[in-house]
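Hi everyone, thanks for coming. I'd like to walk you through a few spots in a structure that may be new to you, so let's bring it up.

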Amino acid sequence: MPLHPLFVPLSDLKLTPSARLKRWWGRLSPHRQDRFAVLAPLAAVVLFLAAILSAFAYLRYEEISREREAINRDVEYTQQRLRLRLLEQQEQLMRFAREVSSREVSHKDFVTRAEALANLYPELQSLTWIDENRKVRASYNTARLRKEFQQSSGALIETKDTLSNYQLVRELLLPIYSTPRAETDMAAVLQMHLPLLEKATFKGDLLAEYSVDAMFRYGVPSEITSKYAVSFHDADGKLLAGTTVSESKLKRHLLPWASPINTYEMPVSPVGNGMTIRGLAYRTSLGVIGSGLFWLVMVLSGITAWLLLANWGHTRRRIQAQDALMQEAAFRRAMENSMLTGMRTLDMQGRITYVNNAFCRMTGWSESELVGTTAPFPYWPDEDFDMLQTRLNDELAGKIPPGGIQFRVKRRDDSLIDARLYVSPLIDAFGQQTGWMTSMTDITEPNRIRDQLAASHERFTTVLEALDASISVAPLGSDELLFANKLYRLWFGTQAAGHLQLVEEAGVPAPVASDDTRDTVDAYAGLPTDQLSDKEAESSEIYLGSLGRWLEVRTRYLSWVDGRLAQMVIATDITARRVAEEQSEIQAQRAEASSRLITMGEMASSVAHELNQPLTAINNYCNGMVSRIKANQITQEELLGALEKTGRQAHRAGQIIQRIRAFVKRSEPNRTVANVATMVAEAVELAEIELRRRNVKLTQFVAPSLPNLLVDPILIEQVLLNLLKNAAESVDSAQRPSSQRIVKLRVAPTRVDDKPVIEFMVTDSGGGISPEVMARLYEAFYSTKAEGMGIGLSLCRSIVESHMGRMKTENTYNAEVITGCCFTFWIPIAEPLPATPIKRSEQHTLQVSP
């Protein structure tokens, strides 16, 4: 651990002070010696300057203190003189007031006595005798008093200050002084109020007014005004009389190098705090600060300190430059040693003069083993001597291409690596070429990765060529085809026309080329190509007449390897699937029609019974009318009434046949905006035939103002009819009593997955459904009925799901006893869709034989 520079070992204590100092100095580093050599004189100059400033500060403090004591003493002396003069005048006036209150002075005598007092005391401007009614009995005014302030006999005092002081002296019965105020347009006046008493009874007021300016001229000694700026001030600090220093001079005197202002202020007795006297000392000499010797010492000390600081700064810059040079050399050496690229220097004869650590690590040979060697070098493989010698000759001749050369390097352990060598001339500080600088990079791993990538690309291309889908990639705004697999080339050839045709048929906007042919940026520059791979592909089905095939086309945008925005199109042949879908749709329509016929066949007896009632009524009406006409016992009105009833029964029978015919009629699916209440009413009218035959009661609730649905009304009626018929059969097979033979139908709006739907619910009071039957309830061709085909509920669910709805079944319970079954399905409320033009792909139809 290094010792502190001021540390003194115990053995050095036996030496003389000079010897200890020399030894201590010898132990210091040159850097510290330079620092002490510069800072010691600077510290001496700073100490000298501090001593001079301290002496000056002490002298100035003493001078200011003496001056402050003198002004305090003189201001107090002046205040005492003013006090004695005012008390003397107050005593004279009080004696005069007693004579006035004892009625010993007439009006004429009052004026005479007042004039004598004014001549005796020049600061006295007026004397006024005011009786107990505030009227002026007598008044004397000097010529110095302005006419607007003179009091006339018989007038009432109305001045605010005079009136308030009059009231105060009347209450206190003691002499009082007013508070003078500094006014801009008039001289300041001091009032003294003396009570006029007769046997302790207030008889009036003797008002004496003094000129403050005259009080200053006659009350302040001239020897005081010659040394100080003496002034009178009111309670607010405003000037009443006297002289003072201006505000600008006060601010200038507050500067650091100026003399401070000594001032002293105290109230004038017996007036009180309403008027103060202030003394301000004049500056008649420059003092110590104006001494030329002081400023000479200050300037010389400053110059010396500046020179020492400049010398210290120059020394520090020189030392910093040396340190920076050493650090730069160390940094460059560390940078060369930490480089991953091998560096080698050859002289003009081909001898190695320098290698870095990376070159040594790369070849396995040390620096001492490589520096100074000539060709063949130890890292050359034996079988490549001739080739490497030729390349070395080209290197010394400056014929190496800028892209470098690739060769093999033999390591010390005889292992081989691939390397790339770059060559550049080595130019010294004088612009002369002294050799060749070569850099070598190990490319063994990049070569291995490149071979793997080539093999991977070959495998990937093989997979794409074997796909049964057409794949093509083309840049936006260009007719160039970037990639096409085998199936694309088989269908469309090697041009981009097929790609553009697929994009156009799929409804994707065609790319637009840039108008500026000189601009190398495509028309879609600026799009976020780094996020295009995360977007889902657009898919559509089209029919190409040129191929006679149905194709499923998927497109997506991607960023090509060169950064351009490109579009990939994948076309899959779906002709067989479309044929199967068309055939499946035809079979489903046939199954729906068959289901309706089967339902009507099952309801044949009920329909016959339903039609028998109106036909029997028609027969009875006709037989009755024939008999009465033959007997000539019928009037025209009765005949018309019987004919109208016969017509209504015939119309009723016709409506029943029309509904059955419309229900069982085979027609193409036709989705329209249908009214829910109308569909429910049509289905219920058909279902009530079966319900009445089985003696089952139907209760229904259809919510008012239901929105319309975009459905096929016949298919929805078929679902409702099947559910109601099954419910009636379940109630009948359970052999419930008449009061419990009930089927409930409820239609109301609700929400499923936060979407508005119309819910249809059919609940019966039958025996319910067993778990094993519930598991296979919607399975096609599965039925629990002996004569059933098992397609009713399967078709119902298919119809509901084709309308984007759902269907569910659950038993109803009373405690643990099954009391029936509930079938529920819901259809989403359709939102109005905007009219869209039919795509060209939708105009083609596939002809399939029924």
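Let me begin with a term: a residue counts as buried when its relative accessible area is under 20%, and as exposed when that value is over 50%. Please also keep in mind that what you see is a predicted model.

Now, with that cut-off in hand, is K725 buried or exposed? Its relative accessible area is 5%, which is under 20%, so K725 is buried. You'll find K725 in helix α19, which covers residues 713–733.

Let's move on to helix α21, residues 792–802. Just after α21 comes M804, with a positive phi of about 65°.

Finally, let's turn to a sheet. In which order do its four strands run? The order is β7-β6-β9-β8, in an open sheet with antiparallel pairing. At the edges stand β7, residues 239–242, and β8, residues 263–268; each has a single partner strand, so one side of each is left without a neighbour in the sheet. On average, neighbouring strands here are turned by 25° against each other, ignoring direction.

Let's zoom in on one pair. Strand β6, residues 228–234, is joined to β7 over three bridges in the antiparallel sense. Within this region, H233 stands opposite L239 of β7.

Conventions:
Residues numbered from 1 in each chain as written. Predicted model: local features only at pLDDT ≥ 70, side-chain atom pairs only at ≥ 80, totals over all residues. Heavy atoms only, no water. Pairing = 2+ DSSP bridges. Helix = DSSP H or I, 4+ residues; strand = E, 2+ residues; numbered from the N terminus. Axes fitted to C-alpha atoms, helices over the stretch in contact; angles between N-to-C directions. Buried < 20%, exposed > 50% of the residue type's maximum accessible area, 1.4 Å probe, protein only.
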